[in-house]
Amino acid sequence: MKNKNVCTVYVYRKSVIKTYQGVPCRDPANCSGLRTYSAPVATREVCCRGWDTTTTVADGCFKPVCQTPCRNGGRCTAPDRCTCPAGFTGKHCEHDVNECKEQKPCDQTCYNTEGSYYCTCRDGFMLQSDRQTCKKIAETNDLATEARDMENDLDVDYDSLDIRLRKLEQMMASRDDRQELSKKVQYTMDAISVLKSQVARLSQRLFPPVDYGNRVH
């Protein structure tokens, strides 16, 4: 019964007539040496208080029992003990956690909801992708404008540089080294293309789509 949470084991027995010289005795009264004995035929385990079997044929009692059911998605993990999901607390997970009061997760305004919360920003600020931080809209616009200007400059420089490098390739390269110079030109153009892509992604990230009513879990 060790570590099975079993407090009592009932053993069921019945009387069995022992065979006589290897042959079943037809008349017990006339069989010399005949005797009966009690043979176990079944057992039944009784679980300790607070435990139950997982199935009718389970060997041991491993299912905890909570007399008062766990609420709000909580799980019974020990006798009369609930493990609560995030956002709830209490012996039976019956109480909502006020994250705004206890954790203060929002940069500006926090609204508590049942099992969760959400943040908002004051006028002139924008809620960021983490759904908690607020940033001045003017500051965000300045950064975006600078990134877009850089992207436009790269477009102009890229086209201009492409024309100049191609012309230089035609004018200065001899037939023998033209192929090598062409490879260098292409490598330079590829590097500029990568830089353009990185700047474009930076510009897009400065204005992530924001849903002010989105809840944070």
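**Disulfides and rings**

Cys106 is buried, and Cys119 is buried as well. Keep in mind that this is a predicted model. These two cysteines form a disulfide, with their sulfur atoms 1.9 Å apart. The torsion about the S-S bond is about -75°, so the link of Cys106 and Cys119 is left-handed. It joins distant parts of the chain: Cys106 is in the loop between helix 1 and strand 9, Cys119 in strand 10, 13 residues apart.

How many disulfides does the structure hold? Eight. Take Cys100 and Cys110, with sulfur atoms 1.9 Å apart. This link is left-handed too, with -70° about the S-S bond. Cys100 sits in helix 1, and Cys110 in strand 9, 10 residues apart. Is Cys100 buried or exposed? Cys100 counts as buried because its relative accessibility is 15%, under the 20% cut-off. Cys110, at 23%, counts as partly exposed.

Now strand 10, residues 116-120. Ser116 is in this strand. Ser116 is buried, with a relative accessible area of 1%. Its C-alpha atom is 7.2 Å from that of Glu99, 17 residues apart along the chain.

On to the rings. A search of the whole structure finds one aromatic pair. Tyr111 and Tyr118 are stacked, 5.2 Å centre to centre, with 20° between the planes. Tyr111 is partly exposed, at 39% relative accessible area. Tyr118 is partly exposed too, at 23%.

One last contact. Arg122 lies over the face of Phe125, at 5.5 Å from the ring centre. Thank you.

Technical notes:
Residues numbered from 1 in each chain as written. Predicted model: local features only at pLDDT ≥ 70, side-chain atom pairs only at ≥ 80, totals over all residues. Heavy atoms only, no water. Helix = DSSP H or I, 4+ residues; strand = E, 2+ residues; numbered from the N terminus. Buried < 20%, exposed > 50% of the residue type's maximum accessible area, 1.4 Å probe, protein only. Phe/Tyr/Trp six-rings, centres within 6.5 Å; stacked < 30°, edge-to-face > 60°. Lys NZ or Arg CZ within 6 Å of the ring centre and 35° of its normal. Disulfide = S-S within 2.5 Å.
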